[in-house]
Amino acid sequence: MVFRFWLCLFLQLPTSLLGGAALVPRERFPLRVEGRFIVDRLGERVKWACVNWYGPESISFTFGGLEKRPVEDVVKRISDLGFNCVRVAYSLEAHVRNPTLEEQFVKANRFLIGKTFLDGFDAGIEALSNAGLMVIIDQHVSRAGYCCHWSQDEGLWYVPGYPEETWIQSLVNMTKRYKGNPFVVGMDLRNEVHDLHSNPKWGSGLMMTWGDGNPKTDWAAAATRAGNRVLAENQDMLIVVMALCFGMELRPMRSQPISLDLPNRVVYQTHNYIEYQFWNLITRDLGISFSTLRIATLISGVFFAAILSFLLRSWRRTGRAYPPRQLLLVSLGAWLTVFSCLFLGVAFAAYKAACTYCEWGAQQDFLPWVYFWSLTAVVGLVLVVVSWRPSGTASVAELLQVDKYVMQSDESCDEETDLFQKSDDRGGGSSGSERDITKPWDTGLVIRLQCFIVSVILLVMCGVGLFAAIVVDTYWFYERWLDKQWGFALEEGQPFTAPVWMGEFGYLNHGPFWLMFMRYLSSRDVDFAYWAINGIKYSEGFNGADGVYRPLPGGARWVVELYGILGPDWQTVKKAWMVRDLQALMDSPSRWLPTDIGCVTDFLGHFCDVPFRGPDV
Ligand SMILES: *[C@@H]1O[C@H](CO)[C@@H](O)[C@H](O)[C@H]1NC(C)=O
């Protein structure tokens, strides 16, 4: 007994000295939720420091790497790197059909030749739990293959051929299958739920909702139904619920947290990839970086300021005649309408674009601007119509022809003088003596007034643009944005407080996006699962830079997993900085600190990248 104790201590020492996430001993299960933390049987925090190991959800129907290394070797590599848990994905198609595995995918694990998807899945999960790693089973897709693109109908929890009941039965059957294995700690109900776009094969668009009771769209209700069925099978499971919109939108949970039959079981899941920072998409699609935007708005701002000062000086030289009130109101109203229509167009385009990814979020963030600019356009129009009417002194039509009066006779000056004085009275100015009111308000002045108003508006726009281009690129902004989207749930003591697990994130450059996100994960001490350990993948298609999914020409084949930790040999680490940074996140609290690597210029920049020169596929 004593010997075994010392042996265990000895065997565990190297791991703890090297760092990495603490493994949870068998007797510390089951896990529960307490506030924002996942805790073990003794109430100690368990940080899910996981990696995604995918494959069973794909058209290969089994874990990546089994073609190259024995399953225990791959698992040992995951464990060596310090992770304490693994998120494993599968498809309903694989579960329902349970197809026989192709030899090419299990070449290095000959015992699996001729065996099925479930045999392969069992083998992976057994190897993981033998190594002391926790397993979270991710119900990734219905039909086997790539996931998730906005044009795919996999965003709902049901698709043609795989109704809700099949989905729930599959979750329940998986729960039952691994009930005797305490290391299988969670059921991740469904990956990257998102809106269904109009699809000729599958009907009109459906916006995913949260808590509105619509049986076709209410994800919170569907997750509650499924979660309760899983808990009825095994009350010790944690139920992982995906945030809306590919895992970026947890805001509706704030007012409507999920409540299951058993308390303290819900973990929310979010994802984050560089394309989720939509302001990057805007600048990328426009082909301008934030630094360019900063310089452009600065130069334009100086330009408009110069025009304004020129106009002001020349106006002073003309004798400081104040614009007639009606002319001023009509001009302001007209320009307000013109620019409001312009902004309305931009807001509407942004709303439509955002709807492609996330209608719920678009309605929160962009629709108010559509309403706002519609309103200001109407206000501007009303101002024009109301001011345009003759009002005792002279109609605006007359005002605009004012120079004709000037040319016709000198008396017209007197008429104009009256008008100016009317304007003065409004301003309550006793400064009438300082102004030369004998000079009439002519066409030239009317045009200059228009230039003045437009320049003021453009100057303000440049200011706003410059401010935005500075702020959007800072960690300060990024932190607030993520807090608003899902980080709020980590605040202790709120009715909505819950653990949020960053179940997928990945990138290939040691640039600003990576560093900012690491800093956030570290400062909020977020549980995570990196995407992915896989070095290569058997792929039938890809998500192009334009956001459109395309099948690979020539059919499915092995391709490099850009965000993968390991190289195609399933042993070599591709990028040392990646592993170092992830390991720093594994402790609780995290010990990752922002590193000034002297290359942060732009959110999209990636000047610190060290290209991978490992063996090719
Ligand atoms: C789940 O198990 C039930 C009962 O054994 C079976 O009828 C059903 O087909 C299974 N469903 C799936 C998706 O595996």
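Apart from its neighbours within four places in sequence, Trp 219 is in contact (heavy atoms within 4.5 Å) with Trp 157, Trp 167, Leu 189, Arg 190, Val 193, Met 208, Thr 209, Trp 210, Val 241, Met 242 and Leu 244. The model is predicted, with local features requiring pLDDT of at least 70 and side-chain atom pairs counted only at pLDDT 80 or more, whereas totals for chains, interfaces and linings use all residues. Residues are numbered from 1 along each chain as its sequence is written, and side-chain values use heavy atoms, with hydrogens and water left out.

Trp 219 also belongs to the largest nonpolar core, which has 127 residues; together with Trp 53 and Ile 565, Trp 219 touches the most other members. Helix H18 makes the greatest contribution to this core, eight residues. A separate, second core comprises 18 residues, among them Leu 31, Trp 48, Cys 85 and Val 240. Such a core is a set of buried Ala, Val, Leu, Ile, Met, Phe, Trp, Tyr and Cys residues joined through side-chain atoms within 4.5 Å. Buried denotes under 20% relative accessible area, exposed over 50%, and partly exposed the range in between (1.4 Å probe, protein chains only). Helices (H or I, at least four residues) and strands (E, at least two) are DSSP runs numbered from the N terminus.

Helix H19 (residues 576-586) is largely enclosed by the rest of the structure, because eight of its eleven residues are buried. These are Trp 577, Met 578, Val 579, Asp 581, Leu 582, Ala 584, Leu 585 and Met 586. The buried residues of H19 pack against helix H18 (512-523) and against strands S3 (49-53), S9 (500-505) and S10 (527-530).

Gly 186 is located in strand S6 (residues 184-188) and counts as buried because its relative accessibility is 0%. Beyond its neighbours within four places in sequence, Gly 186 is in contact with Val 135, Ile 136, Ile 137, Met 237 and Leu 238.

An N or O atom in the side chain of Asn 173 is 2.3 Å from an oxygen atom of the ligand, and one in the side chain of Gln 169 is 3.4 Å from a ligand nitrogen atom.

Methods
Polar contact = N/O pair within 3.5 Å; in protein donor to acceptor, adjacent residues only side chain to side chain.
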